[in-house]
Structures are given as C-alpha cells and as structure tokens.
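Keep the sequence and the 3D view side by side as you read.

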Amino acid sequence: MTKPSSTRSAPPASAAGSDRIELLQTFVRIVESGSLSAAAQQLGTTQPTVSRRLQALERSLGLRLLQRSTHAMKLTEDGERCFTHASELLAHWLAMESDLRGAHDTPRGLLRVQAPHAFGQDQLIAPLADFLRHHPEVSVEWLLHDRQPDFIAEGIDCAIQVGPVLDPSVVAVHIAEVPRIVVAAPQLLQAHGGPPAHPRGLRDLPWLALRTYYVREVVLYAQDAHGAGSEGVHDGARLAPETIAIEPRMRTDSLHALRHAALAGLGTALVSAWVVQEDLRSGRLVHLVPGWHASPLPVHLVYPPARHQPARLRAFLEAMRLAVPSLAGMRARR
C-alpha cells in the first residue's frame with residue numbers, strides 16, 4: 001500500500017487562476033465599498049475571510065496594498081496601481097464571459113433604475129437616451145426619488161445616487177463628483193451692500209437650505225491649486241475651513257425649488273454647480289466667494305451584490321460609469 005505523501009501538491013493551474021481572480025475581486029470590492037466589513041457583506045462572506053484574501057493577495061504580489069488603522073483605510077501607491085490593473089482585468093474577464101455566452105447574453109429586457117429627481121430629470125436623460133439607442137432590446141423604468149433605494153421591495157436593479165451611501169450591504173461604485181457653490185441673486189446682494197469678499201461675510205445674508213444636505217450650517221473650503229475643495233494655501237499659509245451658521249428663511253428637499261427661490265431673491269443658497277450654470281452665465285445669479293467651495297457630493301452607481309448580473313445591467317452600469325463624469329458641471333472622482 002502506497003503511503004500518502006507528506007508534501008502538499010500545488011493546486012492545478014486553473015484553480016490557482018480562479019483563486020487569483022477571487023482575490024482580485026475581493027480587493028476591488030474592498031476599495032469600492034470602503035471597508036473590509038462592507039466588502040464582506042456585499043460578497044456574502046465574513047470579514048476574517050476578506051482579510052485573509054487581502055493578505056493572500058499581498059503575499060502573492062510581495063506588496064503592501066492597503067494601509068489600515070482603527071478608523072481609516074488608505075491605498076498605498078502600489079495599491080493604487082493594483083486597483084487600476086485589477087479593475088481593468090476584471091472588466092476584461094467579464095467581457096470575455098459575456099462574449100463566450102454569445103447571443104444569450106445580449107442586453108435585453110426591462111431595467112428598473114432609481115435616480116434623484118433633479119439629476120434624473122436634467123443631467124441623466126442624455127446618457128440614458130444614448131444607452132437606449134445602443135441597446136434597442138432594452139427598456140428602462142426611470143424612477144425618480146431623493147431617498148435610499150429599496151432594491152428588494154421595489155424590484156430595483158440599480159440606482160444612481162448622489163451623496164453618501166449608507167447601506168453597507170450593497171455595491172457602491174464612486175464614479176464622479178458634484179461640485180457645490182454658493183450663489184445669490186443680484187437684487188439680494190444689492191440690498192445687502194454687494195457680494196461679500198470672504199466667507200465670514202455670508203453670515204450677514206439671508207439663507208435658503210437644501211435639507212437633504214444642510215440646514216443649520218455650511219462649511220466651505222479654500223479651493224486648492226487643482227480645483228479641489230480642500231484646505232487651500234494662501235501666501236504660504238494653509239487656510240482652515242470656514243463654518244457659517246445659518247437660520248434659513250426656507251427649507252426644501254427639492255434642488256429645483258431651491259434654485260427658483262434663489263432666483264426670486266429669497267436668500268443665499270449652496271447648490272450643485274451644474275444646476276445654476278445657465279443662471280451664472282446670464283447674470284441671473286452670482287457665484288459668491290468663488291475661491292471657496294463646499295465638499296463635493298459623490299455620485300455612486302449602487303446595486304445589490306450578485307454572482308451573475310444580467311447583460312442589460314452590466315451594459316447600463318458601464319455606460320453610466322463612462323458618461324456621468326463628463327457631463328456638464330460634473331467632475332471625475334478624485
């Protein structure tokens with residue numbers, strides 16, 4: 001009788017390749033979800049398993065990909081490169097799977113998508129129309145709500161969400177950012193002695209509030225050399241953020257209502273830059289303290305985790321990932 005070998009044999013090449021794909025998928029999910037625990041929930045596994053996969057990937061590459069502390073997680077420079085390559089590799093892998101499935105995987109059928117009211121009415125119709133022209137066998141139910149999507153109860157396939165994603169059980173891919181600026185009507189500024197030269201002067205103006213994102217205060221950051229809303233530098237000194245306490249004359253959950261109230265001269269407003277572009281060009285509104293911006297709002301593609309996504313959903317997600325950052329008044333994820 002042959003004695004079993006005490007040396008563990010290497011896994012078959014196919015299994016090793018499959019393991020590497022799983023490790024890369026886990027790593028990408030960690031980065032996109034923002035934490036190991038959120039990635040574990042989305043992948044339907046445990047946090048220790050996700051941690052082991054990350055460690056295995058780092059050992060196989062001989063690189064440190066993430067710097068982790070109790071409260072934060074940050075990609076290393078090697079991690080940034082690995083994330084870029086892994087995302088491209090996994091996209092090619094999915095494309096290969098789709099191609100091999102052939103005609104059965106042609107995008108077709110009904111897609112239910114939730115988007116914010118104003119953003120879904122204005123900015124997103126053009127990329128949606130372009131998507132439908134490219135995929136004539138797909139139809140879309142376009143649901144406009146300014147709330148967290150309920151994927152199971154409402155049968156929603158995916159959502160385009162502006163602002164933070166609070167549900168750790170979903171996949172949330174950060175694809176773009178919405179710059180936010182302070183604006184007011186010329187007649188309001190004339191009644192208050194003209195536009196303020198510094199954010200502290202905004203405290204003397206009446207305010208409007210978009211209750212979805214701010215009610216009692218507005219925090220502004222000096223714009224840095226790259227146009228990002230962060231601590232800027234002036235004459236070699238770093239400028240601290242400015243917090244402006246406000247007592248709004250009107251609160252609303254509608255971006256369009258906020259814009260119209262600002263146009264009517266009811267108060268100063270912090271708004272998404274894209275919604276007031278034409279008003280600024282025509283002079284109907286004035287951009288106040290232009291060297292200062294609020295933190296941009298992230299734009300996410302959000303959907304439930306699934307081992308296999310229908311072709312119509314994959315095609316839609318890819319179309320939006322490419323189109324949204326290039327929309328007028330938007331900017332790519334930083």
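Which residues touch the most other members of the largest nonpolar core? Before we get to that, bear in mind that you're looking at a predicted model. The residues in question are Val299, Phe316 and Val324, in a core of 66 residues. If you wonder where this core gets its members, look at strand E6 (residues 171-184): with nine residues, E6 gives the most.

Let's zoom in on Phe316. Leaving out residues up to four places away in sequence, Phe316 touches Leu111, Val113, Leu128, Phe131, Trp142, Cys158 and Ile160. Hold on to those names, as several of them come back below.

E3 is mostly covered, with five of its seven residues buried. What does E3 pair with? One partner is strand E4 (residues 138-144), which runs parallel to E3 and is joined to it by seven bridges. Here you can find Arg112 standing opposite Glu141 in E4. Another partner is strand E5 (residues 158-162), again in the parallel sense, this time over two bridges. In that pairing, Val113 stands opposite Cys158 in E5, and both of these residues are on the list of contacts of Phe316.

Now for the helices. Two packed helices are described by the angle between their axes and the distance between the axes. Helix H6 (residues 125-134) and helix H11 (residues 311-323) pack at an angle of about 140 degrees, their axes being 10 Å apart. That angle makes H6 oblique to H11, and the crossing is right-handed. On the H6 side, Pro127, Leu128 and Phe131 do the meeting; on the H11 side, they find Arg312, Ala315, Phe316, Ala319, Met320 and Ala323.

Leu128 is worth a stop of its own. Is Leu128 buried or exposed? Leu128 counts as buried because its relative accessibility is 8%, and the cut-off for buried is under 20%. Leaving aside neighbours within four places in sequence, Leu128 is in contact with Val140, Trp142, Phe316 and Met320. The chain covers a lot of sequence between two of these: Leu128 and Met320 are 192 residues apart, yet their C-alpha atoms are 8.1 Å apart in space.

Apart from the core we started with lies another one, of 20 residues, with Phe27, Ile30, Val50 and Leu54 among them. Let's follow Ile30, which is found in helix H1 (residues 13-33). Ile30 is buried, with a relative accessible area of 0%. Beyond residues up to four places away, Ile30 touches Ser35, Leu36, Ala39, Val50, Leu54, Leu66 and Met73.

After H2 comes Gly44, with a positive phi near 70 degrees.

One last stop concerns backbone angles again. Which residue has a positive phi although it is not a glycine? That's Val289, with a phi of about 35 degrees. You'll find Val289 in the loop between strand E14 (286-288) and strand E15 (292-303). Val289 is also buried, at a relative accessible area of 5%.

Note on methods
Residues numbered from 1 in each chain as written. Predicted model: local features only at pLDDT ≥ 70, side-chain atom pairs only at ≥ 80, totals over all residues. Heavy atoms only, no water. Helix = DSSP H or I, 4+ residues; strand = E, 2+ residues; numbered from the N terminus. Buried < 20%, exposed > 50% of the residue type's maximum accessible area, 1.4 Å probe, protein only. Core = buried A, V, L, I, M, F, W, Y, C linked by side-chain atoms within 4.5 Å. Contact = heavy atoms within 4.5 Å. Pairing = 2+ DSSP bridges. Axes fitted to C-alpha atoms, helices over the stretch in contact; angles between N-to-C directions. Parallel < 35°, antiparallel > 145°, perpendicular 65-115°, else oblique. Left-handed = near helix turned anticlockwise from the far one by under 90°.
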